[in-house]
Amino acid sequence: MSDGMKVVVVGAGYVGLTTGSVLADFGHSVTCVESNQEKLRLLSSGSVPIHEPGLDELVKKNVEEGRLSFSGSLSAALADCDVAMIAVGTPSLPDGSADLSSVWSVVDQIASSATRELLVVMKSTVPVGTTDEVARRLNAAVSQDQGLTGGVATPGMGQGTAPRFHVASCPEFLREGKALIDLVHPDRIVVGCDSNRAAQLLRQLFAPIDAPVLIVDRRSAEMIKYASNAFLATKISFINEVATLCELLGADVHAVAQGMGLDSRIGQKFLQAGVGYGGSCFPKDTRALLHMAKQAGYDFRIVRSTIEVNERLPLRVIEKLEGFLGSLSGRRIALLGLAFKPETDDVREAPAIFVSRHLLERGASVVGYDPVASGTFHAEVPRVEIAANAHQALQDADALVLMTEWDEFRSLDLEEARRLMKTPIIVDGRNLFDPSAARKAGFRYTGFGRGADRDKEGR
Ligand code: UDX
Ligand code: UDX
């Protein structure tokens, strides 16, 4: 256990709640501040409003042991705290830029509520330069308090009780569904700050973690986050373009990815071809990086292509279905998996949302099943019928479209599925099934890059 600090985490979402719970488990005293009253009610009554493996138990344990609490009032929570961590949403605006309205609202509340030395940690993903601006605003607030005019005050050195702000960027690298593992065993901790004091406080905060700590300037820390996510997204779009070419040339992208990944400079991870990336990060962060570059007068061509390739993939599901069925009007299409990836209930920018909308636009009826995300998905696309299980979804369906590679679908009985369905067609959006097993069970099968689309011509 590290010598405990008093920590406020603002925003009890996928990032804030997981991070706050782990910090509490490290021995710190953590208050998660949440503005959404429904979420706050659930948390205060001991429920966890998101699906993240292990989180329920971790929250329960630390609440019971008195190290974790929840509040709706930031000013009250900030009283005599050592660290204020900002983990509020920074979603995309229509022009692709990050919506920072929540960040600025929290910064203004911190400026007016803090009473002593405080480390402000930016955990939310924010455009390069934002955390410098946070430092400027907090210092400006202090100099106003002290009635100082002209140059930047040296907070905490004035006559009054003005707080001394240390501001750091500390981007998160959490994968949903693996957030607790990524928090306790990260590949690295990136800290962007401009004072030894801030670095010292952050080392104290994360003391129990055994990982390299990289101390850089704030702008570089912010850029590490965007560049990392954009690179991972690019790796995915790259293998998805290779998959498209594999179909045209009769190669198997599964074998190609294996061969590529054995090169230690490439690595096996993030070479899984399919219907593309979704979630609350890759789509948002690639758009924000492209916008940032454009604002700086640079056309970031590779990231623009990464986005374009990814945005076109849901339509490839439609093209594959039309290749089998012709017009989709009046057809019943079953989607297995609705979350943007397995082990989460998060459907933000899930490919299943875009595929469903394309199908509904073409007059098809859509039924979907997901072990965890059916509820959150139905809220996004109410016209999709929700089934209680895979078999119910497949009943009388004209096609099975595999959208999320949940483990339970790996053991789907394909013979049984064939008997339930009206037309034996599989479009495998995550290359989950074995093509020969599917064909042996009587299906016409297509994946993404699994050799030539032989079945399309009905051969
Ligand atoms: C968020 C950012 O969106 C992401 O860019 C960053 O990388 C990590 O933090 P996430 O936790 O997934 O990611 O966001 P979300 O699940 O939307 O949680 C944000 C929480 O903050 C929500 O519960 C929201 O109600 C809360 N919030 C938002 C506040 O408590 N106060 C606010 O002023 C605004
Ligand atoms: C990602 C980053 O991995 C994480 O470091 C960052 O902090 C937040 O964004 P996350 O979005 O939770 O995490 O999920 P991830 O496991 O990265 O998958 C993102 C998307 O890419 C999913 O839709 C997934 O289906 C897709 N994906 C992933 C592929 O299509 N192919 C792959 O090989 C890997």
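This is a predicted model: local features need pLDDT of at least 70, side-chain atom pairs count only at pLDDT 80 or more; totals for chains, interfaces and linings use all residues.
I looked up F300 first: F300 is partly exposed, with a relative accessible area of 28%. (Rings of Phe, Tyr and Trp, the last by its six-membered ring, pair with centres within 6.5 Å; planes under 30 degrees apart are stacked, over 60 edge-to-face, the rest tilted.)

Residues count from 1 along each chain as written, chains are lettered from A and ligands numbered from 1 in written order, and side-chain values use heavy atoms without hydrogens or water.

Next I checked Y369 and F409, which are both buried. Their rings sit 6.0 Å apart, centre to centre, with planes at 75°, so this pair is edge-to-face. I also found one aromatic cluster, made by F270, Y277 and F282.

Then I turned to the largest nonpolar core, which has 57 residues, with L335 and L359 making the most contacts inside it. (Such a core joins buried Ala, Val, Leu, Ile, Met, Phe, Trp, Tyr and Cys through side-chain atoms within 4.5 Å.) Beyond its neighbours within four places in sequence, L359 is in contact (heavy atoms within 4.5 Å) with residues including I318, L335 and V366. A second, separate core has 44 residues, among them F26 and L183.

Technical notes
Buried means under 20% relative accessible area, exposed over 50%, partly exposed in between (1.4 Å probe, protein chains only).
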